[in-house]
Amino acid sequence: MQSHHQPGTKQAWQEMLQQLEARGYRLTPQRQLIFEALFACASQSPEPSEHLAPSESQLQPTRHVTAEEIHAYIRERFPQINLSTVHRTLELLEELGLVTHAHFADHIARYHPVDLGQHHHLICRNCGDIWELEDAIIYPLSQVLQERYSFEADLNHLAIFGLCQACRER
């Protein structure tokens, strides 16, 4: 099968192959298409409602895509692909530590390749705008939880809801 889109990095591709092999899975054409589509869709410019915080402009924006968006992307070339195959593959890739997901205001699972960078989100409950928040801001919280409560928090992909400045001023 010839590839039209390369995943984000050669390292991510090789890691996926190693993880699949180590767990006894094969790289099927469908898994390859879904992995490639996830990187292609996530690497497109963010939707207008997704923003970088002004002080975080050095971060590379990435989109978080739904299984339905990945399915639609693949169906343009391969109409026979099933949405259930996309869902199962995304679950497997997440289990292998190659993909993560978050639920935003619409409560729909949105996926993001781990290889495209660790970050968190500020989400306005009123207007739905999204800002990326770098991991370094969350790290002190993790430390405090560990030191004060001996609690190791899983803060790998955090979404923080609240009101943006524009909505508060309305």
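This is a predicted model: local features need pLDDT of at least 70, side-chain atom pairs count only at pLDDT 80 or more; totals for chains, interfaces and linings use all residues.

Q: How far apart are L93 and F35, in sequence and in space?
A: Compare the two separations. In sequence, L93 and F35 are 58 residues apart. In space, their C-alpha atoms are 8.3 Å apart.

Q: Is L93 buried or exposed?
A: Look at relative accessible area; the cut-off for buried is under 20%. L93 has 2% relative accessibility, so it counts as buried. Across the protein, 38% of the 170 residues count as buried.

Q: How many helices and strands does the protein have, and in what order do they run?
A: Begin with the count, then the order. There are six helices and six strands. From the N terminus on, they run α-α-β-α-α-β-β-β-β-α-β-α.

Q: Which residues of helix α3 are buried?
A: Check each position of the helix in turn. Helix α3 covers residues 67–75, and A67, I70, H71, Y73 and I74 are buried there.

Q: Why do the buried residues of α3 line one face of the helix?
A: Here is the general idea. An α-helix has 3.6 residues a turn, so residues three or four places apart point the same way. Now the case here. Seen down the axis of α3, the buried residues fall within an arc of 160°, so they line one face.

Q: What covers the buried residues of α3?
A: Find the elements in contact with them. The cover includes α2 (29–42), α4 (83–95) and β3 (109–113). Take I74 as one example. Not counting residues up to four places away in sequence, I74 touches L33, I34, A37 and I81.

Q: Which residues touch the most other members of the largest nonpolar core?
A: The largest nonpolar core has 25 residues. I34, L38, I70, I74, V86, L90 and L98 touch the most other members. Next, ask which elements contribute. α1 (10–22), α2, α3, α4 and β3 each supply at least two residues. α2 gives the most, with eight residues.

Q: How many residues of α2 are buried?
A: Count them against the helix length. Twelve of the 14 residues of α2 are buried, so α2 is mostly covered. The buried set includes R31, Q32 and E36, along with L33, I34 and F35.

Q: What span is expected for α2, and what span does it reach?
A: At 1.5 Å a residue, 20 Å is expected for α2. From first C-alpha to last, α2 reaches 20 Å. Helix α5 (residues 135–149) is another case. Its 15 residues should span 21 Å, and its end C-alpha atoms are 21 Å apart, which agrees. Just after α5, S150 takes a positive phi of about 50°.

Q: How many salt bridges does a search of the whole structure find?
A: Side chains of opposite charge can pair when their charged atoms come close. The search finds two salt bridges. In one, E95 pairs with R23, with the closest N and O atoms 3.1 Å apart. E95 is in helix α4 and R23 in the loop between α1 and α2, 72 residues apart. E95 is exposed, at 52% relative accessible area. R23 is partly exposed, at 42%.

Q: Which side chains meet in a salt bridge at 3.9 Å, N to O?
A: Those of R110 and E69. R110 is in strand β3 and E69 in helix α3, 41 residues apart. R110 counts as buried, at 14% relative accessibility. E69 is partly exposed, at 25% relative accessible area.

Key
Residues are numbered from 1 along each chain as its sequence is written. Side-chain values use heavy atoms; hydrogens and water are left out. Buried means under 20% relative accessible area, exposed over 50%, partly exposed in between (1.4 Å probe, protein chains only). Helices (H or I, at least four residues) and strands (E, at least two) are DSSP runs, numbered from the N terminus. The arc is that of the directions from the helix axis to the C-beta atoms. Contact means heavy atoms within 4.5 Å. A nonpolar core is a set of buried Ala, Val, Leu, Ile, Met, Phe, Trp, Tyr and Cys residues joined through side-chain atoms within 4.5 Å. The expected span of a helix is 1.5 Å times one less than its number of residues. A salt bridge is a side-chain nitrogen of Lys or Arg within 4 Å of a carboxyl oxygen of Asp or Glu.
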